[in-house]
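Here is a short report on one protein chain. Please look over the sequence and the structure before reading on.

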Amino acid sequence: MHLDKGNLPPLNTFWSLSMYNATTFLFVSNSINRYSVSEQKNKFVYNPDSSLDICIQHYKPSGKESNWLPAPKGEFSLILSMYLPGPKIINGTYQILRVQKVVYEKRYKHRVVITHILIIELFQAIFNLIFRIYLSIYT
């Protein structure tokens, strides 16, 4: 997941990205017992241009372990939790973070980047709908 400089979720607190098993929706067990990453608990390694890459992959990344969210070899689910969202999230104008699928072929040492709009955008839409319902009831 790539976050350009200044494009972190506009929140009044923090965000967290959690990894779940696609069928059981339980945390994915892994060698470092890390089930989520967030600004609050990780000391991220930023790119030279101040952007941030979160490595969502099965194998440990070289040089960016603090940015690593271990994934299983098969399917998984991601949940982006945004606490005390700012106005851009509430009104739906903030563009949710996208995940890029990067396929590495060790034999040829090159990569093919395929960009996907994943289920995270669905979660944003559901969150926005639930939050708007909440606001209409309690305000």
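## Lys-60 and the salt bridges

Lys-60 is exposed, with a relative accessible area of 54%. Exposed means over 50% relative accessible area, buried means under 20%, and partly exposed lies in between (1.4 Å probe, protein chains only). Lys-60 forms a salt bridge with Glu-65, and their closest N and O atoms are 2.9 Å apart. A salt bridge is a side-chain nitrogen of Lys or Arg within 4 Å of a carboxyl oxygen of Asp or Glu. Glu-65 is partly exposed, at 30% relative accessible area. Side chains of opposite charge can pair when their charged atoms come close.

The structure holds two salt bridges. Asp-53 forms one with Lys-64, where the closest N and O atoms are 3.8 Å apart. This pair links distant parts of the chain: Asp-53 sits in strand β4, and Lys-64 in the loop between β5 (55-57) and β6 (68-70), eleven residues apart. Asp-53 is partly exposed, with a relative accessible area of 23%. Lys-64 counts as buried, at 18% relative accessibility.

## The model and its overall plan

This is a predicted model: local features need pLDDT of at least 70, side-chain atom pairs count only at pLDDT 80 or more, and totals for chains, interfaces and linings use all residues. Residues are numbered from 1 along each chain as its sequence is written, and side-chain values use heavy atoms, with hydrogens and water left out.

The protein has two helices and nine strands. Both kinds of element are DSSP runs, numbered from the N terminus: helices are H or I with at least four residues, strands are E with at least two. Read along the sequence, the pattern is β-β-β-β-β-β-β-α-β-β-α. Buried residues make up 33% of the 139 residues. Of the contacts with a separation of 6 or more, 56% are between residues 24 or more positions apart. Contact means heavy atoms within 4.5 Å.

## The nonpolar core

Which residues touch the most other members of the largest nonpolar core? They are Trp-15, Leu-17, Ile-54 and Ile-56, in a core of 21 residues. Strands β2 (15-21) and β7 (76-82) each supply at least two residues of this core. A nonpolar core is a set of buried Ala, Val, Leu, Ile, Met, Phe, Trp, Tyr and Cys residues joined through side-chain atoms within 4.5 Å. In soluble globular proteins, nonpolar side chains tend to be buried together.

Take Ile-54. Leaving aside neighbours within four places in sequence, Ile-54 is in contact with Met-1, Leu-3, Trp-15, Leu-17, Val-37 and Asn-67.

Ser-18 lies in strand β2. Ser-18 is buried, with a relative accessible area of 8%. Beyond neighbours within four places in sequence, its contacts are Phe-27, Tyr-35, Ser-36, Leu-69, Ser-77, Leu-78 and Ile-79.

Ser-51 is found in the loop between β3 (36-38) and β4 (52-53). Is Ser-51 buried or exposed? Ser-51 is buried, at 1% relative accessible area. The side chain of Ser-51 makes polar contacts with the side chain of Asn-47 (2.9 Å) and with the side chain of Asp-49 (2.5 Å). A polar contact is a pair of N or O atoms within 3.5 Å; within protein, one must be able to donate a hydrogen and the other to accept it, and residues adjacent in sequence count only if both atoms are side-chain atoms. Leaving aside neighbours within four places, Ser-51 is in contact with His-2, Leu-3, Asp-4, Lys-5 and Tyr-46.

## Positive phi values

Most residues other than glycine have a negative phi. Ser-50 has a positive phi, near 70°. Ser-50 lies in the loop between β3 and β4 and is partly exposed, at 37% relative accessible area.

Leu-84 also has a positive phi, of about 50°, although it is not a glycine. Leu-84 is in the loop between β7 and α1 (87-90). Leu-84 is exposed, with a relative accessible area of 54%.

## The surface

The protein exposes about 9,200 Å², and carbon and sulfur atoms supply 57% of it. Accessible areas come from the Shrake-Rupley method with a 1.4 Å probe; for residues, only the protein chains shown count as cover.

Leu-129, Ile-133, Tyr-134, Ile-137 and Tyr-138 make a nonpolar surface patch of about 570 Å². Patches are made of residues with over 30% relative accessible area and no salt bridge; like charges are joined within 9 Å, and nonpolar side chains (Val, Leu, Ile, Met, Phe, Trp, Tyr) within 5 Å. Tyr-134 is in helix α2 (residues 119-138). Tyr-134 is partly exposed, with a relative accessible area of 44%.
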